[in-house]
Amino acid sequence: MSRFVDDIRQAQVAFRLGDRFRPNDARRACPVWADHTYGVFLPKHRQGNPGGYTAYFLQNPDGTYSLLA
């Protein structure tokens with residue numbers, strides 16, 4: 001699994017990040033990653049992504065993301 005996804009999970013366990021979040025929320029909760037990571041990694045690894053990449057996130061109808069179980 002990705003270290004970025006692990007950081008997202010840890011931020012949720014520590015209550016720094018909610019169950020539904022936007023890239024900027026992840027940036028504030030896990031500030032150690034390159035700035036472009038937050039806006040690129042989440043959509044690239046969403047369920048149903050066109051590139052067939054491993055899905056770690058669900059993109060909700062309101063544009064937020066949730067971690068898949």
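The legends below describe close-up views of a predicted model.

In this predicted model, local features need pLDDT of at least 70 and side-chain atom pairs count only at pLDDT 80 or more, whereas totals for chains, interfaces and linings use all residues. Residues are numbered from 1 along each chain as its sequence is written, and side-chain values use heavy atoms, with hydrogens and water left out.

**View 1. Ring pairs link Phe4, Phe21, Trp33, Tyr38, Phe41, Tyr56, Phe57 and Tyr65 into a cluster.** The structure holds eight aromatic pairs, where rings of Phe, Tyr and Trp (its six-membered ring) pair if their centres lie within 6.5 Å, and planes under 30 degrees apart count as stacked, over 60 as edge-to-face and the rest as tilted. The ring centres of Tyr56 and Phe57 are 6.4 Å apart and their planes lie at 75°, so this pair is edge-to-face. Phe57 also forms an edge-to-face pair with Tyr65, at 6.4 Å centre to centre and 80° between the planes. Tyr56 and Phe57 are both buried, as is Tyr65 (buried means under 20% relative accessible area, exposed over 50%, partly exposed in between, with a 1.4 Å probe and protein chains only).

**View 2. The charged end of Lys44 sits over the ring of Tyr53.** It lies 4.5 Å from the ring centre, the criterion being NZ of Lys or CZ of Arg within 6 Å of the ring centre and within 35 degrees of the ring normal.

**View 3. Pro23 touches Tyr38, Gly39, Leu42 and Tyr65, not counting residues up to four places away in sequence.** Contact here means heavy atoms within 4.5 Å. Pro23 has 24% relative accessibility and therefore counts as partly exposed. Between Pro23 and Arg46, which are 23 residues apart in sequence, the C-alpha to C-alpha separation is 13 Å.
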